[in-house]
Amino acid sequence: LEGNDGMELALKYFNPFDNLLCILLGISFTVWFTLLLVFIIVPAIFGVSFGIRQLYMKTLLKIFEWATHRIERGAKDNNHLLYKPYSNGDGSNRDLDHASEFEMSDIFYFCRQGVESIMDDEVTKRFSAEELESWNLLTRSNYNFQHISLRLTVLWGLGVVIRYGFLLPLRVTLAFTGVGLLVVLTSIIGFLPNGRMKNFLSEQVHLMCYRICVRALTAIITYHDSENKPKNGGICVANHTSPIDVIILASDGCYAMVGQIHGGLMGVIQKSMVKACPHIWFERSEVKDRHLVAKRLSDHVEDKTKLPILIFPEGTCINNTSVMMFKKGSFEIGSTVYPVAIKYDPRFGDAFWNSSQFGMVNYLLRMMSSWAIVCSVWYLPPMTREEGEDAVQFANRVKAAIARQGGLVDLLWDGGLKRGKVKDTFKEEQQKLYSKMLVGTQEDRSRS
Amino acid sequence: MGSRASTLLREEEIEEIKKETGFSHSQITRLYSRFTSLDKGENGTLSREDFQRIPELAINPLGDRIINAFFPEGEDQVNFRGFMRTLAHFRPIEDNEKNKDPIASEPLNSRSNKLLFAFRLYDLDRDDKISRDELLQVLRMMVGVNISDEQLGSIADRTIQEADQNGDNSISFNEFIKVLEKVDVEQKMSIRFLH
């Protein structure tokens, strides 16, 4: 309607050429918004899909294969070797020879292990983006620039135009719509009296806004085993790759979020969300108090009318090739745990948030200018702590299940190694093992 | 930033490193990418802290000695050439290399050079001798607090007794080679990497 009024005004006061321009602008805006509404926002409200994204995905895959093929051909023509992602060399025999006593050659064992870890180690590569086998037409993931032919460059240029000129503005619009609606509607719902109506509306509003955000990222998500979806009074744990994980899970089910209160826009969103349904937000000072945190979490799960809690026990973002140590806090509470495995397909856009490289805004822009975010979500059957199992063992069991389902490497290392140093206790364990080998035989010798 | 790896290393440099170390083209580009990912300061050299950041190396009882092997006497930074030169010691010995031109200088991954690398791990003060004290210190690094001083001392004494031939109560490089002549050094000090 506003578009039409504007057009009439324009027609009255501006000269013919400007008239034409304004008419065109007006028409394109109207078409734009209608398309947006019909194809994206309305389906988001009702949770249906036209299948456009699936088609988009298939087309893109074909183009990527072609692109990689061209690069390989180009490299072969020039007789160059391509940079290929590292696939590990054979695991050679690592055992210390079980010699009965110390030999000077024992040093070889530690020496080789050490140099092997310098050449490549299991941990540091988890904190940087995964390397791809084929090129997905994004500059950020290409290592073989010099082999690009003209045709490929043109295609890449076209890709840039599409991504930054068409997809990015579309997605940013959707993102603002989604977030704006979330804030406004949850604040409104906050005025209703507590009860079933309020809960129902709150759930619908949250779902709708998250679905709009999912489309804002062109996220193509496949959910598996939805019969295992988390229920009230439980805790949902998942592996963590990026802040988008929250949007992906919350668009398919309703959760109570846990986190620290931030300032700025994030804080505004958090404060309005908690008006509609009980999320668990902590002040910065409260986060350090583990007792307090545990108490609030267990109070929440005991109340069966409240939504299941969503927690990421790794504590930091990992690059989606492995699952790192789970912090035991959420596993001490004693309620049913619903594990969820999230695996992103890196061919369409790397979802990993390297917080030391990019800030949040930069990261979101990168996400919105990728082709798409494609991922699979598996809901695993619920698990509870067994007799005689402590929190750490339970956490490791859940972690192993998630790693197995998602095809990720199960690591014992702590995600905190992204920023901090490894504990000395690990070195002491290695020393203890070696000593046992030496001393054990000393005792035998004295006996014989 | 992996996307710049292959463009920053020039072809001539790769050829030079190939001649000096014997690594293949793809191995060198791969290791260069590794080098840059370890180089957090992005100044083209690695410091001791950059190595310490590798958790599996930090928990290795001899981690500090291994890191030290990369840095020439008195220096705190190692560039890519130095990095590759040290890693070259661990390249497996290929059969076709055994019959090479005897006039050419000894390759970095020869049996003798591998043994020299290990010898230098023991030889803390770089005086080309492993004294009883140095041996004790390295043993202490390997066992931590789990073995008493007396036991460790007797292990050190026995080792020196068996190896020492000229009676100076320390182990020279030649004596070291003699002790290890039956050990398959080629296999134990080689790492198969991206062939």
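## Contacts between chains A and B

Between chain A and chain B the count is 1 salt bridge, a term that here requires a side-chain nitrogen of Lys or Arg within 4 Å of a carboxyl oxygen of Asp or Glu. In this predicted model, the salt bridge joins the side chains of D121(A) and R34(B), at 2.8 Å from N to O. On the side of chain A that touches chain B, the elements giving two or more residues are helix 4 (106-119) and helix 13 (424-447) of chain A, and helix 4 gives the most, with 12 residues; helices are DSSP runs of H or I with at least four residues, numbered from the N terminus.

In total, 49 residues of chain A are in contact with 61 residues of chain B, where contact means heavy atoms within 4.5 Å. The two chains bury about 5300 Å² between them, 68% of it on carbon and sulfur atoms, the buried area being the accessible area (1.4 Å probe) lost on putting the two parts together, summed over both.

## Annotated spans and helix 8 of chain B

An unreviewed UniProt entry carries the annotation "domain: EF-hand" for residues 26-61, 110-145 and 151-186 of chain B. Residues 26-61 are 61% helix and 6% strand, with end C-alpha atoms 31 Å apart, while residues 110-145 are 67% helix and 6% strand, with end C-alpha atoms 35 Å apart.

Helix 8 of chain B (residues 111-122) has 12 residues and reaches 17 Å from its first C-alpha to its last, close to the 16 Å expected at 1.5 Å a residue. Its buried residues (under 20% relative accessible area, 1.4 Å probe, protein chains only) include L115(B), F117(B), F119(B) and L121(B).

## Basis of the values

Residues are numbered from 1 along each chain as its sequence is written, and chains are lettered from A in the order in which they are written. Local features need pLDDT of at least 70 and side-chain atom pairs count only at pLDDT 80 or more, whereas totals for chains, interfaces and linings use all residues, and side-chain values use heavy atoms, with hydrogens and water left out.

Definitions and conventions
Expected span 1.5 Å × (residues − 1). Buried < 20%, exposed > 50% of the residue type's maximum accessible area, 1.4 Å probe, protein only. UniProt positions renumbered as here; feature names shortened; annotations may be inferred.
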